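I opened the file to look up a few things and kept notes as I went. The entries follow in the order in which I made them.

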Amino acid sequence: MAVEEKRAWIMIVVTVASYGAYLAVVLGRSGSEPLAQQPYTAALLWTVGAAIVASIVLHITVSLFSSEEDKVKDQRDREIHRFGDHIGQSFVAIGAVTGMLLAMAEADQFWIANAIYLAFVLSALLGSMAKISSYRMGFHPW
């Protein structure tokens with residue numbers, strides 16, 4: 001398995017784990033109060049920060065334990081990486097537009113922040129899945 005494919009798997013695992021932890025904390029606090037009234041900022045910042053640190057540590061670990069042959073990137077690896085990033089970026093744009101529309105509708109900050117965070121999560125998942133499927137099923141540039 002190429003190092004780039006391993007990195008895509010790392011991104012999926014870290015993203016799902018961190019977003020799951022965030023949802024568990026925020027939804028676990030919800031009682032009789034509305035969800036938008038729950039404190040979410042600290043949980044969001046901690047889970048994003050932990051995801052970044054975990055991703056860096058795991059990427060370094062994979063690089064250390066991979067052979068030199070697996071670390072070499074060829075043209076196909078670069079095209080797959082670019083392809084996955086382009087696909088994932090669509091959700092970043094969707095999240096930005098959604099956040100802007102929620103702000104214009106004067107929605108609570110909770111919903112704006114969570115819409116943007118979800119867009120980043122979906123971007124990471126979709127981009128990584130596109131990379132993995134390209135490695136597994138073959139990549140045929142147009």
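**Entry 1**

I began with Ser 18, which touches Thr 47, Ala 51 and Tyr 117, residues up to four places away in sequence being left out; contact means heavy atoms within 4.5 Å. The model is a predicted one, in which local features need pLDDT of at least 70 and side-chain atom pairs count only at pLDDT 80 or more, while totals for chains, interfaces and linings use all residues. Residues are numbered from 1 along each chain as its sequence is written, and side-chain values use heavy atoms, with hydrogens and water left out.

I placed Ser 18 in helix 1, residues 3–29. Helices are DSSP runs of H or I with at least four residues, strands are runs of E with at least two, and both are numbered from the N terminus. Is Ser 18 buried or exposed? Ser 18 counts as buried, because its relative accessible area is 12%; buried means under 20%, exposed over 50%, and partly exposed in between, with a 1.4 Å probe and protein chains only.

I then listed the buried residues of helix 1, among them Ala 8, Ile 10, Ile 12, Tyr 19 and Tyr 22. Glu 5 also lies in helix 1, and it is buried, since its relative accessibility is 6%. Beyond its neighbours within four places in sequence, Glu 5 is in contact with Ile 132, Tyr 135 and Arg 136. I also took the C-alpha distance from Glu 5 to Phe 91: 21 Å in space, for 86 residues in sequence.

For the length of helix 1, I set the 39 Å between its end C-alpha atoms against the 39 Å that its 27 residues should span at 1.5 Å a residue, and the two agree. The expected span is 1.5 Å times one less than the number of residues.

I found Met 100 in helix 4, residues 75–104. Met 100 is partly exposed, because its relative accessible area is 45%.

Glu 106 sits in the loop between helix 4 and helix 5. Its phi is near 60°, a positive value in a residue other than glycine. Glu 106 is exposed, as its relative accessible area is 71%.

**Entry 1: helix 5**

At the start of helix 5, I saw a side-chain oxygen of Asp 108 reach to within 3.1 Å of the backbone nitrogen of Phe 110. Helix 5 covers residues 109–137; its 29 residues should span 42 Å, and its end C-alpha atoms are 41 Å apart, which agrees. Gly 138 follows helix 5 and has a positive phi, near 100°.

**Entry 2: the whole chain**

How many helices and strands does the protein have? I counted 5 helices and 0 strands. The C-alpha atoms fill a box of roughly 55 × 35 × 20 Å along the principal axes. Of the 142 residues, 33% count as buried. Among contacts with a separation of 6 or more, 81% come from residues 24 or more positions apart.

Last, I looked at charge: the mean positions of the 10 positive and 12 negative charges are 5 Å apart. Lys and Arg count as positive, Asp and Glu as negative, and His and the chain ends are not counted; each charge is placed at NZ of Lys, CZ of Arg, CG of Asp or CD of Glu.

Terms used: A polar contact is a pair of N or O atoms within 3.5 Å; within protein, one must be able to donate a hydrogen and the other to accept it, and residues adjacent in sequence count only if both atoms are side-chain atoms.
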